[in-house]
Amino acid sequence: MGSTDKLPTSKPLEGIRVLDSTYVFALPYAGGLLADLGADVIKVEGPGRPDVSRTGGFAGCFPDGEVGADWWNRASTYNLLHRGKRSLTLDLTKPEARQIFQELVAISDVVMENYTPRVMKNWGLDYASLRDIKPDLIMVSNTGYGHGDGPYSEYPAQATTQEGTHGHCWVSGYVGGPPSKVGASYVDFLSTWSAIFAISAALRYRNRTGKGQWVDLAMYQSGAMFISEYIMDYMVNGRLGERIGNRHPQRAPQGCYPAKGQDQWVVLSVGSDQQWEALAKLMGRPDLLADGRFATLSGRQEHHDELDTAIAQWTVGHDRYALMEKLQGVGIAASPVFLNRDTHLDPHFKARGFLETATFPEERDIGTRPFVGRPYRFSRSDVSIQGPAPAFGQDNQDIITQLLGAPSGEYETLVEEGTVASAPTRGEPNVPGTFEEQIAMGRLAGRDEDYKAKLGIP
Amino acid sequence: MDGGILEGVKVLDISQDIAGSFCARLLGDYGADVVKVEPSSGADLRRMGPFFKDDPHPEKSLFFLIANLNKRGITLNLEALEGPALFKKLAEGADVVVESYKPSYLSTLGLGYDDLESINPGLVMTSVTHFGQNGPYSQYEGEEIVDYAMGAIMSISGTADREPLKHGGFQAQYEAGLNAAGATAVALLVQTNLGVGQHVDVSTVECVSSTMIGNQSMYSFTGAIQPRRKPLGTQFGQPMPCADGWVLNQAGGGATWDDIADFYEQPILKEHRFSNQTLRNENGEELDALLVDAIKDKGKWDLFAKASKMRMLFGLVQTPEELARCPQLESRDFYRDIEHPVMGPLKVPAVLFNLSLTPYSLRHCAPTLGQHNTDVYCNEMGTSEDELARWRETGTI
């Protein structure tokens, strides 16, 4: 990066307050990234509606598999998504909670929510209502199919099922096989990133004009946007789109091949005749080079299966990192297939500092953990994970009595009536069984018992 | 009506690929004045399919079209003798430069961030590359499949009995374009607030890696390694075949497990052995058989409508054809009509998200090669027609 110095106070969103009344992955993650950028992000959850990233199958893992007494604060996914925020619990089904929410809106810059369209309206917390309280408010709503009068607008949705509706499954899968879903949530993140784009642009616009606005995100719409070329190919050429597995429409050979060792893989992609020549030489296969069937891109595409067999015979005898180095050394795009361990230990990732650590207060008993940072660096602005995710409702009293200046006694009443809480009244921890059981079931591939030493964390 | 949310922002897009082009397009979609700067041979993306009527003509790449909407276009050969000086002149008046060359290439031409910053301290330069600007792999060759491999998603996509599987299409490039637009907007906010520019370094591999929220934190919380799913007994939550296609269903939403059992008309699903996620995993093969049997004669659209009205999390696998005709996307004004100088009238996927005050607008089709040379060089920069002719002769443009 350039030689420019960091400015003394240069967190891009310093002084910006975000009210984050969102659940699951998409906007909660956006809230975490806004906190990285320096915003004061207040996560608002119902006492009886803890985020699913704390509970159930979406919660990920507990530290060393230990559920713990305050399990709702310990799940890995929750702690990644909500880094650097404050936590307020509010039962928004109650008018006094909605009153507090509105008071917070009046002193916030941004509100984010992801209820189905009718919910915020019924509560009088939709954009039209909140704009009366805070005229230059920026509000972001994220739904599966988008607000408006479309036929699916009220349909419930999450990324897993939307990966089918927005068209990605149709174009994903092994050659000749059925449609496939990727191994994690996908379309959520398109809303996460769209929110960062829209909020930053809207804050700039507000600073210039004094005007706020409403951002209406639909995960379905973003997902469809990302297969635009298939839609165009249908509309113009009548082509229906096909599944080509790990291949490329205009490069060959390209694929994922076994490397030496158990479940070790390498990918490579050949983009020119020169690269093909270099590959055949590396493989020690002058016979392939002499074979006219493979001399052109279209020939290599036509005989791709045969090339795959030959390449796999070569790769399987070599270490995956050594393969990357050899292939890259002759200008061929290649990489090992990273496991989650590699994300932590690979020298390039370490040099880039992509993962950032958060250290939890001692009473949380989570220790210090690395988390995914952000896919961009700024040469001047100071951006990083600001601290661990908060415990459930840990900032209730501060926010209600200090920030909002509620009269004495009010906070205690809210606690008594269950309007705010420091532990969820509903939800169960997701306890998937011991590591040994999960490995036996094929739910885990294995476990590094010495992972903390490998990561250099206590 | 107000202009676009980024109205007044001047962007030079010298990227040749999908990611950088899509970043600049998004800035243009929301109001920025974007000028695509191409070598006289045309950006690489002009040679990428699909093509209009399958004709591989440089003005008929549909991929170039969708990645370059809302831009004007000029030609400029950065490696020509007068190329760098001319580019600097353009960059003096720009707010943003988007580029996707290998790190350090532009510096060798005297057009790196430090060079441009010295003539325009407020400039935001957004570099979109596979591996980022620094680190041991920064000079490596990147490709779409490499992004998924190094981003770790491939290790858990596909099934355990086969090789890891990449996403369909060019998801990683779009992901990088969107993140680059977001990071650029952050830098523009800082530029407006503090009057300073900066270099923004976006890595496509890290965009993919950023989606690994469960996978990454599994290792840092437990040391466990996540595998691909087993081929059998794991179909719930994946595409399941029905009479005329595939559907997907996931537990949760507004439906209880008993509701789901009722939907499939399989009372046996209410038995203890299917009552939670862990048990459903253990009895996955039996679960798959029950579900697939229940829907094998049913149509996907009926299943989708009925399940969604029961508040179930339920999807169907739509084809590009179905998306092209989708009434929901229509209701969102997702598609817009354009008139392309060579391809003629076309409908294009256009709107990423909706804004209440400064809505999306489609102001330009993707430019033909050098379409706005006179517009930009003569009308805006004040270059004479003679000078322009000389630049053409010397191969500068």
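**Notebook: sheets, helices and the chain contact**

I began with a sheet in chain A, where three strands form an open sheet in the order 7-8-9 with antiparallel pairing; two strands pair if DSSP finds at least two bridges between them. I took helices (H or I, at least four residues) and strands (E, at least two) as DSSP runs, numbered from the N terminus. The edge strands, each pairing on one side only, are strand 7 (254–258) and strand 9 (333–336) of chain A. Direction ignored, neighbouring strands of this sheet are turned by 15° against each other on average.

I noted the origin of the coordinates at once: this is a predicted model, in which local features need pLDDT of at least 70 and side-chain atom pairs count only at pLDDT 80 or more, while totals for chains, interfaces and linings use all residues. Residues are numbered from 1 along each chain as its sequence is written, and chains are lettered from A and ligands numbered from 1 in the order in which they are written.

**Entry: around the sheet of chain A**

I looked up the pairing of strand 7 of chain A with strand 8 (residues 265–269) of chain A, and found five bridges in the antiparallel sense. Within strand 8 of chain A, Val267(A) is the residue that stands opposite Cys256(A). I then asked which helices lie across these strands. Helix 13 (residues 304–315) of chain A lies across strand 7 and strand 8 of chain A, and runs at about 40° to strand 7 of chain A. Helix 14 (residues 320–329) of chain A lies across strand 8 and strand 9 of chain A, and runs at about 170° to strand 9 of chain A. For such angles, axes are lines fitted to C-alpha atoms, for helices over the stretch in contact, and angles run from 0 to 180 degrees between N-to-C directions.

**Entry: strand 5 of chain A**

How many residues of strand 5 (residues 138–143) of chain A are buried? I found that six of its six residues are buried, where buried means that 20 or more other C-beta atoms, placed from the backbone, lie within 10 Å of the residue's own. In a regular strand the side chains alternate between the two faces of the sheet. In strand 5 of chain A both faces are covered, with Ile138(A), Val140(A) and Asn142(A) on one side and Met139(A), Ser141(A) and Thr143(A) on the other.

I followed the partners of this strand next. Strand 4 (residues 110–113) of chain A pairs with strand 5 of chain A in the parallel sense over four bridges, and Glu113(A) has Ser141(A) as its bridge partner. Strand 5 of chain A also pairs with strand 6 of chain A, in the parallel sense over six bridges, and here Met139(A) stands opposite Trp214(A).

**Entry: from chain A to chain B**

The bridge partner of Val215(A) in strand 13 of chain B is Leu355(B).

I then looked up the whole contact between the chains: 136 residues of chain B are in contact with 149 residues of chain A, contact meaning that C-beta atoms, placed from the backbone, lie within 7 Å. On the side of chain B that touches chain A, helix 7 (residues 171–194) of chain B gives the most, with 16 residues. By class, that side has 69 nonpolar, 49 polar and 18 charged residues; Ala, Val, Leu, Ile, Met, Phe, Trp, Tyr, Cys and Pro count as nonpolar, Asp, Glu, Lys and Arg as charged, and the others, Gly among them, as polar.

In chain A, helix 1 (residues 26–36) and helix 7 (residues 187–209) pack at an angle of about 45°, with their axes 8 Å apart. These two helices of chain A are therefore oblique to each other, since angles under 35 degrees count as roughly parallel, over 145 as roughly antiparallel, 65 to 115 as roughly perpendicular and the rest as oblique. The residues of this contact in chain A divide into nine nonpolar, two polar and one charged.

In chain B, the axes of helix 1 (residues 18–29) and helix 7 come within 7 Å and cross at roughly 45°, and these helices of chain B are therefore oblique too. The contact of helix 1 of chain B with helix 7 of chain B has eleven nonpolar, three polar and no charged residues.

How values were computed. Contact = placed C-beta atoms within 7 Å. Buried ≥ 20, exposed ≤ 12 C-beta atoms within 10 Å, placed from the backbone.
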